[in-house]
Number of protein chains: 2
Amino acid sequence: MIDSEFTYICESNLTFMVIEKSDRLILLTNDDGLYAAGLKTLQGVMEEFGKVVMISTMDSQSGMSQALTVKTPLRVKLLDENERHRIYACNGTPTDSIKLAVNQLLERKPDWVVSGINHGANSSVSVLYSGTMAAALEGCLYGITSVGFSLNNFSSAADFSACSTYIRYIMEKIAQEPLPAGVCLNVNIPAADKKDIRGIRVCRQSKGNWKEEFEKRKDPMGKTYYWLTGIFINHEPDADDTDEWALANNYVSVVPVSVDMTAHSYIGKLRERF
Amino acid sequence: MIDSEFTYICESNLTFMVIEKSDRLILLTNDDGLYAAGLKTLQGVMEEFGKVVMISTMDSQSGMSQALTVKTPLRVKLLDENERHRIYACNGTPTDSIKLAVNQLLERKPDWVVSGINHGANSSVSVLYSGTMAAALEGCLYGITSVGFSLNNFSSAADFSACSTYIRYIMEKIAQEPLPAGVCLNVNIPAADKKDIRGIRVCRQSKGNWKEEFEKRKDPMGKTYYWLTGIFINHEPDADDTDEWALANNYVSVVPVSVDMTAHSYIGKLRERF
């Protein structure tokens, strides 16, 4: 554990803040693998807030949603340990990583689960496919304050330099008052220079879907195979209260995400029908 | 296509119904594989409602959530075709199967996506991990009427004989009036004799979580590995409007599930905080 100390941060476009670096225990993962630049950035910021335990795969696990590994054994390897962090490699999905850490690797229940920074946005319905957000949802199911961060740039060489300021600001807010039970945050950051980012918008998930365009190819044996590709279609481009709108207008989007998938507004009508 | 015809069904505890078997095109999948008894049962009922195109893996894909295959090629094989159905084997997840079928294999957009019958309940937060429900959610994202069915019995030798009556009843209701955009149904059927099932309850998703109990073992080389196991904890056993309550009291639970994961009720408060 790290003794309490204070770190001062001043950013031109955000309020002056004081981060209390207490004995906070932060579980950190991603779905782009341990060598991803986004994870490195997030690790740096999280080490300002507390002791970090990081667990991820060596390679990427994109699009794994909240998948569990049930048919093959899980393995874990401790790669590094010092006073600031402990780093594990794991062969499971992001959700497996959170479950393994909480149940087998951590000395106590962590204070936060933080996931990302994903290389690529997880706005709109991408939240359903996202391994990054699945890890946050998994933390949330354990009753842990959980946030997933993504940058709207799929490149492995994406520039994460604008992210740290906003991550600090959001986690400081979270530190002041925890999220309600069953709610985590989905934060998407525009791929823009820091000076061009206009601030933070609390949003709802935009309606949309991915339009697949499978590439149909022949292998050297002449057999057909398919590669999944696709483009996102925003069904409500004019609505100004969505995460898609925020990103398109250079705002950081913050969507509160619920583990309760019930369509509550339709229960009454459905009861009448049955 | 099959010409319109009528099939009459009379069940002692349900309303007399007339099923119109028109040129309806039904896309069917599951996450227990093509040889699962639950899929066979669902196929039988769906062939009463229209032309069935079935696609699944040869082996099971449990707990795959809405995972996508992005790093390996997808392959599909036509196994059987006659006037009632067409059956494909695929090497992808349930979500891949729906995407491939809709985009590459079907002559037109299907009228329904139906998934299951899963061997094991997908009540409460299991909806987040479920491949069965992910397939229904995927259909829903395409704007297709979609339903996932599960039996509260994990055994591969589970008795599905009580299911058909309720599946017919629910799909007949759906045929009369489609579901709203962005909403699919999660149907869980008690593992009970048909005479003991008390009817259908429209419910909400129960609050709960899985408590993991990893089995830590040594392989023959002396290296540690973990198997994921767990037990479900219902956080609100006394609430009588949840899917868990319905199953525990021998009702078929029907939960309307939304592809919108936004915690709408928390947006206002979160805006005040940021």
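How many helices and strands does chain A have? Chain A has seven helices and 15 strands, where helices (H or I, at least four residues) and strands (E, at least two) are DSSP runs, numbered from the N terminus. Welcome to a predicted model, in which local features need pLDDT of at least 70 and side-chain atom pairs count only at pLDDT 80 or more, while totals for chains, interfaces and linings use all residues. Residues are numbered from 1 along each chain as its sequence is written, and chains are lettered from A and ligands numbered from 1 in the order in which they are written.

**Chain A as a whole**

- The radius of gyration of chain A is 19 Å, close to the 19 Å that the globule rule gives for 274 residues, so chain A is as compact as a globular protein of that length. This radius is taken over C-alpha atoms, and the rule is 2.2 Å times the number of residues to the power 0.38.
- The C-alpha trace of chain A spans about 60 × 45 × 45 Å along its principal axes.
- Of the 274 residues of chain A, 50% count as buried. A residue is buried if 20 or more other C-beta atoms, placed from the backbone, lie within 10 Å of its own, exposed if 12 or fewer, and partly exposed in between.

**Where the two chains meet**

- On the chain A side, 60 residues are in contact with 60 residues of chain B; contact here asks that C-beta atoms, placed from the backbone, lie within 7 Å.
- Elements that each supply at least two residues of this side of chain A include α2 (94-105), α4 (131-141), β15 (252-258) and α7 (267-273).
- The touching side of chain A divides into 35 nonpolar, 13 polar and twelve charged residues. Ala, Val, Leu, Ile, Met, Phe, Trp, Tyr, Cys and Pro count as nonpolar, Asp, Glu, Lys and Arg as charged, and the others, Gly among them, as polar.

**The nine-stranded sheet of chain B**

- An open sheet with mixed pairing in chain B has the strand order β5-β6-β4-β3-β7-β8-β9-β15-β10. Two strands pair if DSSP finds at least two bridges between them.
- β5 (76-81) and β10 (200-202) of chain B stand at the edges with a single partner strand each, so one side of each is left without a neighbour in the sheet.
- From one strand to the next, the twist averages 20°.
- β10(B) and β15(B) run parallel and are joined by three bridges; B:Arg201 stands opposite B:Ser253 in β15(B).

**Helices of chain B**

- Helix α1 (residues 37-49) of chain B lies across β3, β4, β6, β7 and β8 of that chain and runs at about 150° to β7(B). Axes are lines fitted to C-alpha atoms, for helices over the stretch in contact, and angles run from 0 to 180 degrees between N-to-C directions.
- Helix α4 (residues 131-141) of chain B lies across β3, β7, β8, β9 and β15 of chain B, at about 170° to β8(B).
- The buried residues of α5(B) include B:Cys163, B:Tyr166 and B:Met171.

**Backbone details to look for**

- A cis peptide bond with omega of about -10° joins A:Gly116 and A:Ile117, and A:Ile117 lies in strand β7 (residues 112-119) of chain A.
- B:Gly116 and B:Ile117 are also joined by a cis peptide bond, with omega about -15°.
- B:Ser124 is not a glycine, yet has a positive phi of about 50°; B:Ser124 is buried, with 28 other C-beta atoms within 10 Å.
- B:Asn250 has a positive phi near 60° and is partly exposed, with 16 other C-beta atoms within 10 Å.

Note on methods: Two residues are in contact if their C-beta atoms, placed from the backbone, lie within 7 Å.
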